[in-house]
Amino acid sequence: MSKEQETSIKLRTLFFQTILSIVIVLAIVFGLAYFFRKELLGFSEHFVRIFGFLGLFIGMILSDSLPAFVPPDAFLMLAITGEMDPLKTILSMSVGSIIGGTIAYYIGLYLIPRFHLGRQMVLHYEDKLLPYIRKYGFGAVVLSALTPIPYSWMAYTVGTFKMPYRLFFLGSLFRFVRISVYFYAMYIGWITGG
């Protein structure tokens with residue numbers, strides 16, 4: 001099998017994984033809305049009252065700069081169950097995500113190369129991410145912004161490999177698309193589950 005066919009298969013697999021993840025998120029939210037609606041409404045009401053859009057913004061910065069913090073979809077769920085304005089939600093979360101990715105990019109550029117543990121972490125993910133970076137360059141950032149490829153790990157990796165920040169930033173703008181699609185998928189799950 002040629003490298004081009006292999007990459008084509010990987011992209012097809014990635015596309016199906018993305019569609020599957022959207023369907024799974026919709027199904028999970030439907031189930032949560034059906035079985036735990038009252039509890040989620042109470043929790044999200046507190047979150048909205050205390051933290052509001054600033055909480056979504058800061059949460060996304062932390063989520064996309066520190067892998068394994070809190071998945072971004074948790075903040076989307078709080079926004080939806082808290083009946084926050086969709087446009088402001090998508091805007092605050094997307095900007096927070098891009099800032100978080102920028103922090104991860106600069107950590108990859110300046111800090112990771114200085115520490116043995118940091119280099120080991122990047123090497124662990126490098127095998128999975130490097131083929132995308134080599135084949136698509138800027139497009140690899142777009143793929144990570146849109147698909148299940150971990151965006152924060154891609155940011156660390158392209159920072160470590162010194163991709164120009166301008167290209168990283170342009171690819172990161174696709175976070176607006178991802179957050180919009182997942183917001184509305186989760187919203188459909190929420191309204192149909194209740």
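**Helix packing, buried positions and a nonpolar surface patch**

S94 is buried, with a relative accessible area of 0%, where buried denotes under 20% relative accessible area, exposed over 50% and partly exposed the range in between, computed with a 1.4 Å probe and protein chains only. The model is a predicted one, in which local features require pLDDT of at least 70 and side-chain atom pairs count only at pLDDT 80 or more, whereas totals for chains, interfaces and linings use all residues. Residues are numbered from 1 along each chain as its sequence is written, and side-chain values rest on heavy atoms, with hydrogens and water left out.

S94 belongs to helix α4, helices being DSSP runs of H or I with at least four residues, numbered from the N terminus. When residues up to four places away in sequence are not counted, S94 touches R175, F176 and I179, contact being defined as heavy atoms within 4.5 Å. Helix α4 also contains G100, which is likewise buried, with a relative accessible area of 0%. Leaving aside neighbours within four places in sequence, G100 is in contact with I61, D64 and S65. From C-alpha to C-alpha, G100 lies 9.8 Å from Y151, although 51 residues separate the two in sequence.

Y151 is itself among the buried residues of α7, which also include S152, W153, M154, A155, Y156, T157, V158 and G159. Nine of the 10 residues of α7 are thus buried, so this helix is largely enclosed by the rest of the structure.

Helix α6 (residues 138–146) packs against α8 at an angle of about 35°, with the axes 8 Å apart; axes are lines fitted to C-alpha atoms, for helices over the stretch in contact, and angles run from 0 to 180 degrees between N-to-C directions. The contact is made by F138, V141, V142 and A145 on the α6 side and by L167, F168, L170, G171 and S172 on the α8 side. The crossing of α6 and α8 is right-handed, a term applied when the near helix is turned clockwise from the far one by less than a right angle, and left-handed when anticlockwise.

F138 and L170 also take part in a nonpolar surface patch, together with F169, L173, F174, V177 and V181, and the accessible area of this patch is about 510 Å² in total. Such patches comprise residues with over 30% relative accessible area and no salt bridge, nonpolar side chains (Val, Leu, Ile, Met, Phe, Trp, Tyr) being joined within 5 Å and like charges within 9 Å. At least two residues of the patch are supplied by each of α8 (165–172) and α9 (175–193). L173 sits in the loop between α8 and α9 and is partly exposed, with a relative accessible area of 33%.

Most residues other than glycine have a negative phi. K162, which is not a glycine, has a positive phi of about 60°; K162 lies in the loop between α7 (151–160) and α8 and, at 57% relative accessibility, counts as exposed. Phi is also positive, near 55°, in E83, a residue of the loop between α3 (72–81) and α4 (86–111), and E83 counts as exposed at 72% relative accessibility.

How values were computed: Areas by Shrake-Rupley, 256 points an atom, 1.4 Å probe, with all protein chains shown as cover. Salt bridge = Lys/Arg side-chain N within 4 Å of Asp/Glu carboxyl O.
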